[in-house]
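Please examine the sequence and the structure shown here.

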Amino acid sequence: MATKNLVIVESPAKAKTIEKYLGRNYKVVASLGHIRDLPKSQMGIDFDHDYEPKYISIRGKGDVIKNLKKAAKGADHVYLAADPDREGEAIAWHVSHILGLDPAGTNRVVFNEITKDAVKNAFKTPRAIDMNLVDAQQARRVLDRLVGYSISPLLWKKVKKGLSAGRVQSVALKLIIDRENEIRAFVPEEYWSLDAEFKKGASKKFAASFYGLNGKKTALPDNAAVQDVLAQIDRKAPFDITNVVKKERKRFPAPPFTTSSLQQEANRKLGFPARKTMMLAQQLYEGINLGGKLGTVGLITYMRTDSTRVSSVAKTETSHFIHEQYGEAYAAVKIRQGKLQEGAQDAHEAIRPSSTNRTPKSLEAVLDKDQMRLYNLIWSRFVASEMTPAVIDTVQVTIQQGAATFRANGSQTKFEGFTKLYVSSRDADTKDNLLPELAIGDAVTLVKTDPAQHFTQPPARFSEANLVKALEENGVGRPSTYAPTIETLKKRYYVKITAKRFEPTELGEIVNDLITKFFPDIVDIKFTAKVEGDLDSIETGKVKWVPVIDQFYKPFSQEVAHAEEGIKKIQIKDEPAGFDCDICGAPMVIKLGRFGKFYACSRFPDCRNTKAIVKEIGVVCPKCGKGQIVERKSKRNRVFYGCDRYPACDFVSWDKPAGRDCPVCGHYLVEKKLRGGRQIVCPNNDYKEAVQK
């Protein structure tokens, strides 16, 4: 029996979900992603004919194409229901080409969420393939191919096989290396703080901090400055309250997630790499079997979006939910009267649950642990975004004696608002800090002063969340490209992960130096952001794709020719290690491997002896004062720190010595890794500095 309607989507999971909604007259099949692409063995671009891409069927997709053609032949109508973005549009266009469909025909169906209503409504209004979206995707593919297939062979030839360069990848690597150079060049500066405790009559003590002298904010660069302030204070005399400023502050919820903010928040709150976040989000979008009559349902809207807009249908449903669960005071949107248009669609919405009524608790039985954690994050953030702001009462009190001014800050939550449900990882810790009732003219007594020495901290290395944020803020790439970009940097060993942060490898620095020297535009953030803007203009139909490529390629091809001549073959030479192999007696050498440098026997492969290289951290041993502290690894691969004079000096520490002593007890300070960053502390608990993110 011939199929009346054939629907083609990308994935089998999506096909399974949609087929249940559409009923017997529809057959839904999967193309398993792209079916045509540029060839792997050559550039695949016709430079003489407007950069025409030479598409071929992807290897291994022969049977898929055959089955699609067979299914389409027997169908009355073919619908192309790939994802609602330029990648999905391109897949639909490639499928229509292979099946001989007219791209101007009404074959394209898009929906932002895989729910029964959304899917059924989408099939009421099929449209033609949007060639602006297709052209934008083609332009991106051609640009990436031009960069990758021009620079990567040079790196293979001049440096080492298996290397690669890319439009977004090379900028991301440069950001990581520029940050590393800032850290290396950083010189810590000393500064002091002066905290104090005051008391009003018999009330509880309260904390305040030194503000300045003679009404002006005054820095405390060293201990002498602190002593100068303390000399001007009479501890026995009262201090006056000279000003009390009370304010009501509103704290507004963060908007619902975009692809980028979801990747960042899932990395900070859940510790998920961008790749894992996108994989889980795809599962939640394509459909989870809820069992019973409900069957398989898409739990979230499409997870590749730059928009924070929300459809009016979702707003109304969420408003009802908040009214019922939390009460009217918590709902930012009043319940609207009158029925909204059924299934109203907003093509580019934020990432949100397909139904607010499907609470995380109600899905405990059907989601695995990681799916649940991500769904809970998306659901909570979205519902909170539709709630009222939190209201906080703040008070700032100025305390004075003579020339010296101290300030105390108090806060108290007056109304929880959205914070009852969700607090973003970026929001400051908002614990209440209650001050006693104080008024201008009141006298308070100084109970104690607590001076503390601090040092400015270098900028922190990028975490995945910070790198995604930096790429987005600089307009480099698109959120959908961040996860694969980060994976490529790791796979090529251009970076390694140290304490959940990116540290460039020597190989990464060699590649970055070459690209920066010979292809400055590729790693120029402004240039890359402009190209990204041009791609967006193709998508909106403002410009054609061929002139955009031409404008890029003409100067770039000259850079490639110049690099062919200018890059000398980099011999990553084996440096002598300065000692002999303890197995065969031949000299040991330093080699560069995929994980960095290591010692190896010069007679390799006849002798395969290797040793790890210990890394100096630039700190003199606090125990013997002669040796250098080096980073070592335990049998279980855990990093610890020891003196390089071992066994003459047996100093060891799990925590990294900071190279400074505690200003209170004189013990050496160490760097502790915390969830929120790192912190310099005294192991005796006598001293600690602010957490460095």
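**A loop arginine and its surroundings**

Leaving aside neighbours within four places in sequence, R478 is in contact (heavy atoms within 4.5 Å) with R86, R140, D306, E532 and D536. This is a predicted model, in which local features need pLDDT of at least 70 and side-chain atom pairs count only at pLDDT 80 or more, while totals for chains, interfaces and linings use all residues. Residues are numbered from 1 along each chain as its sequence is written, and side-chain values use heavy atoms, with hydrogens and water left out.

R478 lies in the loop between α12 (464-473) and α13 (479-491); helices are DSSP runs of H or I with at least four residues, strands are E runs of at least two, and both are numbered from the N terminus. With a relative accessible area of 19%, R478 is buried, a term that means under 20%, as against over 50% for exposed and partly exposed in between (1.4 Å probe, protein chains only). Its side chain makes a polar contact with the side chain of D536 at 2.4 Å. Such a contact is a pair of N or O atoms within 3.5 Å; within protein, one must be able to donate a hydrogen and the other to accept it, and residues adjacent in sequence count only if both atoms are side-chain atoms.

Helix α11 (residues 369-385) is mostly covered, with 13 of its 17 residues buried. At its start, a side-chain oxygen of D368 comes to within 3.2 Å of the backbone nitrogen of D370.
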